[in-house]
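The structure is shown first, and the discussion follows by topic.

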Amino acid sequence: MPPEFKTIGVVGLGTMGAGIAEVFARHGFDVVGLEQTEEQLELGRGHVQHSTDRARKRAKLTKAEQAAILDRLRLTTDMDDLRDCDLVIEAVVERMEVKRAIFLALDEVVRPDAVLATNTSSLSVTELSAATAHPRRVIGIHFFNPAPVQRLVEVVSTVVTEPRVISDVEELTRRLGKRPVTVGDQAGFIANALLFGYLNHAVAMYESRHATREDIDTAIRLGCGYPMGPLALLDLIGVDTACQILDTMHRQGRNRLHAPSPILRQFVAAGLLGRKSGRGFYTYAAANSSVVVDDAGTASAHGTPRRRRPLERVGVVGSGALASRIGEVVVKAGIELTQTADATPDLRTLATADLVIEAVAHDLDAKTSVLAELDRICRDGAMLATTTSSSVIEIAAATSRPHDVVGLHFLDLARPTQLVEVVSTVATDPEVAETMRAMCAQGGAQPVSCGDRAGFIVNALLFPYLNDAVRMLDAHYADADDIDLAMKAGCALPLGPFEVLDSVGTDVALDIQRAVFRESREPGFAPAPLLEQLVTAGHLGRKSGRGFREHPDA
Ligand code: CAA
């Protein structure tokens, strides 16, 4: 008979282990937490205390409830104390030999019908189970950070896991208020397999100085509506943990995009592990604090203001929604605006402007010819901006003043945002970019600066991740509903990848992914064949009534 889950053992009380112990204790289970030393136990207890204090401050827990939770948590350094547990879940460091040793020791201690679970995020559950006396009772139960908050639990079954164990664990996670998604044993499962390529890509972007850490994180938060930017998220996950996960994924899949960016290893070597050590990509008020404080990086991002050019008159060419939005920013910035419709362009009215922004149709040739015409008409020293989402330098090169040309990319993916990517080419004068940044900020938009690379910041990070989700779907590892759920409930994303793709349009996604691939020649960025096929079949998403899902209301 399988056990009724009453007493749960948690081995390892670091960030994840303590969070998992808290979740069980909050839901009325007796929890036995095991650590190696009294100091580590104290740290683990401190995590739970801190997290429940926070819930009390927000009036989510009463004093009595908090006391009951802490009472249900028994702490020990003696593995024998796990003897009566119905389920033991380990959440120690991501190293196979350490986890294997724990499972072998647990085999000797717990009842034969107790379930042994691992919270591993990327190691093979099958390999771990094979080392035990009863592989059929071994399963993966993968929580997300912070465990008390994220609703997803990936239940990872191996080829030998007892079906009854799988269904019992699914039911157990529901009792914890979580959403289980059951998957087979593949590196990274669903969420990490999709998340970590994106995180590593963001690190590479930061390392190559394509944009600052603040701008990368702001771009993703505002551009995609994610709760955190990728670099802040890495600090939450732990840079060492992230590096180990990437290493494992790379070992198993040989995808170069999963080879940890060199700076990650340097951070680990230097002890910059993220929030838990007080410093990672950002510096925190103290170890385990979420409060970011200024450091040398902040100074270089926001320090001495750079020189700007005077801006009294701005022209906007275009008549659509984008042109109106830009016009609003200009007016709100307190600058005189001249707006000219592209249908009846009389560009000479713009001859005295200090800056002219083209916001004409989404066609590269049209944009290039408008900029060439503006270059002919506008006074010497006037700045020109293009709203293209592709190469800015190609458009700038059609003018005689590439140093005065900048890209202004207003993001409008699944929903309009205040985000503007201010794109400098190799020729752009830094004063020009700085002037644009200031104008956007004064006009109520949120500018971020970046280089002229395919996809700038947001599209470059978002679309390869969406493309990976399409590959995962095509490989039949999980269906679109489970993948969408995993990303929303595991990482608090507003939409799952297939919801984004159907909303943005598979054709638009394919175009962007092709551009990213063309520039990088990185095989892992090649558009997923299924994406190409959907576009060929005319399944363009919501706008055509069918994409990854049916949209009868379209
Ligand atoms: N522990 C417990 N509760 C926490 C918490 C923590 N560390 N951090 C935040 N919370 C709770 C707060 O108490 C608050 O609860 P209520 O709504 O009930 O009052 C809620 O979460 C929101 O917190 P805040 O308002 O303080 O902060 P926020 O709104 O900025 O949210 C966040 C913080 C929950 C971390 C949010 O930014 C988020 O969800 N980020 C995404 C995190 C993510 O992607 N996680 C997955 C990482 S991958 C992984 O974990 C897998 C792996 O194998 C590594």
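Is Asp354 buried or exposed? Asp354 is buried, at a relative accessible area of 13%, where buried means under 20% relative accessible area, exposed over 50% and partly exposed in between (1.4 Å probe, protein chains only).

## Basis of the model

The model is predicted, so local features need pLDDT of at least 70 and side-chain atom pairs count only at pLDDT 80 or more, while totals for chains, interfaces and linings use all residues. Residues are numbered from 1 along each chain as its sequence is written, and side-chain values use heavy atoms, with hydrogens and water left out.

## Surroundings of Asp354

Asp354 belongs to the loop between β12 (336–340) and β13 (355–358); helices (H or I, at least four residues) and strands (E, at least two) are DSSP runs, numbered from the N terminus. When neighbours within four places in sequence are set aside, Asp354 is in contact with Pro310, Leu311, Glu312, Arg313, Arg379, Ala382 and Met383, contact meaning heavy atoms within 4.5 Å.

Glu312 is 42 residues away from Asp354 along the chain, yet their C-alpha atoms are separated by 6.6 Å. A polar atom of the Asp354 side chain lies 2.6 Å from the backbone nitrogen of Glu312. A polar contact is a pair of N or O atoms within 3.5 Å; within protein, one must be able to donate a hydrogen and the other to accept it, and residues adjacent in sequence count only if both atoms are side-chain atoms.

## The ligand and its shell

The ligand is surrounded by 23 residues, of which the closest are Arg54, Arg58, His142, Asn145 and Gln150; a residue is near a molecule if one of its heavy atoms lies within 4 Å of it. By class, this shell holds 13 nonpolar, 7 polar and 3 charged residues. Here Ala, Val, Leu, Ile, Met, Phe, Trp, Tyr, Cys and Pro count as nonpolar, Asp, Glu, Lys and Arg as charged, and the others, Gly among them, as polar.

The protein covers 72% of the 1,000 Å² of accessible area that the ligand has on its own, with areas from the Shrake-Rupley method and a 1.4 Å probe. Elements that give two or more residues to the shell are α2 (38–57), α7, α9 (230–237) and α18 (480–491). Among these, α9 gives the most, with 3 residues.

Helix α7 (residues 191–207) has 17 residues and reaches 24 Å from its first C-alpha to its last, close to the expected 24 Å, a span given by 1.5 Å times one less than the number of residues. Of the 17 residues of α7, 14 are buried.

Why is α9 described as largely enclosed by the rest of the structure? The reason is that 8 of the 8 residues of α9 are buried. The cover over these buried residues includes α7, α8 (213–224), α10 (239–253), β9 (283–284) and α17 (458–474).

## Backbone geometry

Most residues other than glycine have a negative phi, and most peptide bonds are trans. The bond from Asn145 to Pro146 is cis, with omega near -5°, and Pro146 is found in the loop between β6 (138–143) and β7 (152–156).

Arg254, in the loop between α10 and α11 (262–269), has a positive phi of about 55° and is exposed at a relative accessible area of 59%. Arg521, in the loop between α20 (506–520) and α21 (529–536), has phi near 55° and is exposed at 66% relative accessibility.

Val88 of strand β4 (residues 87–90) is buried, with a relative accessible area of 0%. Beyond its neighbours within four places in sequence, Val88 is in contact with residues including Gly9, Val11, Leu82 and Leu106.

Ser289 lies in the loop between β9 and β10 (292–293) and is buried, with a relative accessible area of 14%. A polar atom of the Ser289 side chain is 2.9 Å from the backbone nitrogen of Val291.
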